[in-house]
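Work through the exercises below with the sequence and the 3D view open. Try each task before you read its solution.

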Amino acid sequence: MRRRHLLGAAAAGTALSMAGCAAGPGAPARARVLVVGGGYGGATAAKYVRLLSDRRIDVTLVEPNRSFVSCPVSNLVIAGMKEMADITLGYDALAARHGVRVVHDTVAAVDAARKQATLAGGATIAYDKLVLAPGIDFLWDQVDGLRAAHDEGRVLHAWKAGPETLALRRQLEALPDGGVFAIAIPEAPYRCPPGPYERASVVAAYFRRAKPRSKVLILDGNPDVTSKGPLFKKAWAELYPGMIDYRPQHKLAGVDGRTGTLRFDVQDDVRADILNVLPPMRAGALAVQTGLANANARWCQVHFLNFESTAAKDVHVIGDAIQVAQGMPKSGHMANSHAKVTAAAIVAELSGWEVNPHPMLTNVCMSFVDDRHVIHVASVHEYEKPRQSFFTIGGSGGVSDVRSDLEGRYAEAWARNIWADTLM
Ligand SMILES: Cc1cc2nc3c(=O)[nH]c(=O)nc-3n(C[C@H](O)[C@H](O)[C@H](O)COP(=O)(O)OP(=O)(O)OC[C@H]3O[C@@H](n4cnc5c(N)ncnc54)[C@H](O)[C@@H]3O)c2cc1C
C-alpha cells in the first residue's frame with residue numbers, strides 16, 4: 001500500500017521538479033486558479049497548485065466557513081468521545097505558509113463562458129482555471145415531511161460536520177435510558193459509505209456505558225451494509241449483543257418529526273425517540289445550478305485524466321460532487337487524492353507541459369466500532385487510458401482481518417496526517 005502510494009506521489013513529484021522551469025508556450029504570464037469550497041477536496045487543491053507551481057500560479061480559495069470542521073472523526077463527537085475542538089482547524093496556514101488568498105464568502109454564480117465567478121457579496125473573480133469542490137447537498141423532497149422536520153430542529157442529519165454534530169450529541173445526552181436512536185441510510189451513492197455504520201457503532205458504545213437499556217435501530221435503504229459489512233456485523237454481535245437492530249431494504253418515504261415516525265416504501269412504520277435521517281444526496285447546489293450535474297441531474301461527470309467537467313471547459317470538479325468511477329468511494333481521502341491529480345494536471349496545462357498520462361489515487365476509510373477499535377478498507381486506483389477512467393488495482397487494498405486498537409492508533413494518525421496535508 002505504502003509502495004503504491006509513493007509511486008503515486010512520485011508521479012506528482014515529476015511536476016514538482018519541473019515547477020521551477022519557465023512556463024511553456026501558450027501559458028498565461030500570471031495564471032489564476034479559483035478554488036470554490038475549502039473542504040477536503042478544495043483546500044488540498046488550493047495548496048497543491050501553489051506547491052506544484054512553485055508559487056508561480058495565483059490561487060484564490062472561496063469558502064464561507066471561517067473554520068474547517070472535519071466530518072471524519074465527527075461521529076466520535078456525537079458519541080461523546082471527542083470534542084468539537086478536536087475536529088476544528090483553521091485556514092491560516094494556507095494563506096501564511098502557501099500564499100493562497102482565502103476569501104470567506106460564498107460563490108453565488110459561475111459564468112463558465114466568461115470565466116468568472118460572482119460572490120454573494122457582489123464582487124467578481126476572474127480565473128483561467130476553476131476548481132469546484134462544493135461537496136454535497138440534499139434531495140429533501142424525496143422524503144415527505146423531511147425538510148419541515150429538519151427545519152424545526154426535530155430531525156437532524158449531522159452529515160455536514162458543524163452545529164448539527166453538536167445538536168445530535170445534545171439529543172443523545174437528553175435521551176432517557178431505554179430510549180431508541182434510529183438512523184436512516186439512503187440508497188448508495190452517498191457521502192462516506194461506512195460512515196452511518198460507524199455512527200451506529202459508536203452511539204451503541206455510548207449507550208453501553210451510559211444508557212444500557214437503550215437501543216440503536218439501523219434502517220438501511222440498501223440491500224445490505226454497503227462497506228465492511230462482515231466486520232461491522234461481527235462487532236455489533238460481539239460488542240453490543242441485543243442492542244443494535246440492523247434492518248436492510250428500508251427505503252424511507254416519509255418522516256413525522258412530531259410523532260417520531262419513519263414511513264417506508266414497503267416496510268412497516270417505525271417509531272423512535274431520536275430520528276437521525278441522512279437524506280438522499282447530490283452534488284453541491286452551485287454545481288447543479290451551473291449545469292455541471294449531468295449524471296442523473298445529481299452528480300458531475302468529469303474527464304478522469306484531469307477532472308475537467310464534461311460540461312464546461314477549464315472547470316474541474318472534484319470530491320463528493322462527481323459521478324464516481326468504478327469502486328471509487330465518496331470520501332475525504334479520495335477528495336484529497338482527486339485534488340492532487342487535478343492540481344498536477346492544472347499546473348501542467350497552465351505551463352504548457354504534458355499532463356501526467358497515468359495518474360493514481362489512493363483511499364483508506366477507517367471506522368471506529370467503539371472508542372478504541374477500528375476497521376479499515378483501502379484501495380489504489382489507476383487511470384487506464386483506453387477506458388479513460390480509474391479502476392481499482394487488483395489486490396492493492398482490502399479490509400482489516402479483525403478490529404484492533406492498533407488500527408485505532410492508525411486512525412488517529414490518519415486524521416492528523418490528512419488534516420496536515422490538506423490545510424498546513
Ligand atoms: C460522519 C462522517 C464521517 C466521515 N468519515 C470519513 C472518514 O473517516 N474518512 C474519509 O475519508 N471520509 C470520511 N467522510 C467523508 C468526507 O467527509 C467527505 O467525503 C469529504 O468531506 C468530501 O470532500 P469535499 O471537498 O468534496 O466536500 P466538503 O469537505 O464537504 O467541502 C465542501 C466545501 O465547499 C463549501 N462550499 C459549498 N458551496 C460553496 C459555494 N457556493 N461557495 C463557496 N464554498 C462552498 C462548503 O462550505 C464546504 O466547506 C465522512 C463523512 C461523514 C459525514
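A nonpolar core is a set of buried Ala, Val, Leu, Ile, Met, Phe, Trp, Tyr and Cys residues joined through side-chain atoms within 4.5 Å. Buried means under 20% relative accessible area, exposed over 50%, and partly exposed in between (1.4 Å probe, protein chains only). The model is predicted: local features need pLDDT of at least 70, side-chain atom pairs count only at pLDDT 80 or more, and totals for chains, interfaces and linings use all residues. Residues are numbered from 1 along each chain as its sequence is written, and side-chain values use heavy atoms, with hydrogens and water left out.

**Exercise 1. The core**

Find which residues touch the most other members of the largest nonpolar core.

Solution. 
- Step 1: The core has 140 residues, and I218 and V255 touch the most other members.
- Step 2: Helix α10 (residues 332-351) gives the most to this core, eleven residues. Helices (H or I, at least four residues) and strands (E, at least two) are DSSP runs, numbered from the N terminus.
- Step 3: Look around I218. Leaving out residues up to four places away in sequence, its contacts include I183, W236 and R247. Contact means heavy atoms within 4.5 Å.

In soluble globular proteins, nonpolar side chains tend to be buried together.

**Exercise 2. Two helices**

Describe how α6 and α7 pack.

Solution. 
- Step 1: Helix α6 spans residues 163-174 and helix α7 spans 195-210.
- Step 2: They pack at about 35°, with axes 11 Å apart. Axes are lines fitted to C-alpha atoms, for helices over the stretch in contact, and angles run from 0 to 180 degrees between N-to-C directions.
- Step 3: L168, R169, L172 and E173 in α6 meet R199, V203, Y206 and F207 in α7.

**Exercise 3. A sheet**

Work out the strand order of the open sheet of three strands.

Solution. 
- Step 1: The order is β6-β7-β8, with antiparallel pairing. Two strands pair if DSSP finds at least two bridges between them.
- Step 2: The edge strands β6 (107-111) and β8 (124-126) each pair on one side only.
- Step 3: β6 and β7 (residues 116-119) pair over four bridges. V107 has L119 in β7 as its bridge partner.
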